[in-house]
Amino acid sequence: MADNTLWVGVLTAGTAVVASWVTSRGTARAARIQAEAAAESQHLDRLRAARRSAYVDVIEQAQRMGDLYWKVTDAASEPDGAERRGALTDLRLRLRDEYAVLRHRVWVVDLEGPAEVAEAANRLRRSTSDNYRALAAMIGGEEGAAERFNACYAPFWEAVLAFVAIAREALRETTALPPHGR
């Protein structure tokens with residue numbers, strides 16, 4: 001009977017050691033999975049924040065340019081030719097500077113991605129070209145240039161709205177991205 005007790009004790013101790021080892025492996029694996037999930041969540045949060053910031057910067061810059069376009073329309077109605085040309089020239093210089101900022105912000109969106117948003121930002125950037133050329137024609141006194149300038153506003157604004165829609169969708173998709181590196 002003493003031999004049976006010894007075997008029962010050895011068997012119980014062995015079972016306890018194996019159970020402890022299995023439990024520790026399971027706990028370690030669960031901890032690793034939890035740490036990976038937390039890291040992935042932080043990665044997605046940082047990615048979404050960086051993209052959101054880049055997208056907002058483009059939208060804000062487009063709004064600044066849109067405000068200047070309205071000022072061009074106001075300045076074009078100035079009856080005094082010299083004052084009108086002076087105001088339009090000043091606005092063209094300001095638009096050139098604002099365009100440089102827009103171009104930089106579009107590049108940031110290109111870096112942050114995704115490609116669809118970068119393409120929409122680039123279309124928005126390109127939509128400012130006709131306005132700029134029409135403004136130069138207005139300064140030069142070309143007939144119909146003011147109407148051409150005003151006709152350029154709708155395509156510009158449509159490009160802004162298209163960018164906003166695509167950016168919004170991309171931000172929604174960022175929260176549903178598959179796990180990083182898998």
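Tutor: Helix H3 covers residues 115-126, and its 12 residues should span 16 Å at 1.5 Å a residue; the end C-alpha atoms lie 16 Å apart, which agrees. The expected span is 1.5 Å times one less than the number of residues. Helices here are DSSP runs of H or I with at least four residues, numbered from the N terminus. This is a predicted model, in which local features need pLDDT of at least 70 and side-chain atom pairs count only at pLDDT 80 or more, while totals for chains, interfaces and linings use all residues. Residues are numbered from 1 along each chain as its sequence is written, and side-chain values use heavy atoms, with hydrogens and water left out.

In H3, the buried residues are Val 117, Ala 118, Ala 120, Ala 121, Leu 124 and Arg 125. They cover an arc of only 160° around the axis, which puts them on the same side of H3. Buried means under 20% relative accessible area, exposed over 50%, and partly exposed in between (1.4 Å probe, protein chains only). The arc is taken from the directions between the helix axis and the C-beta atoms.

Helix H2 (residues 81-112) has 32 residues and reaches 46 Å from its first C-alpha to its last, close to the 46 Å expected. Buried in H2 are Leu 88, Leu 91, Leu 95, Leu 102, Val 106 and Val 109. At the start of H2, a side-chain oxygen of Asp 80 comes to within 2.9 Å of the backbone nitrogen of Ala 82. Just after H2, Gly 113 has a positive phi of about 75°.

In helix H1 (residues 2-76) sits Trp 7, which is exposed at a relative accessible area of 60%.

Methods: Helices (H or I, at least four residues) and strands (E, at least two) are DSSP runs, numbered from the N terminus. A polar contact is a pair of N or O atoms within 3.5 Å; within protein, one must be able to donate a hydrogen and the other to accept it, and residues adjacent in sequence count only if both atoms are side-chain atoms.
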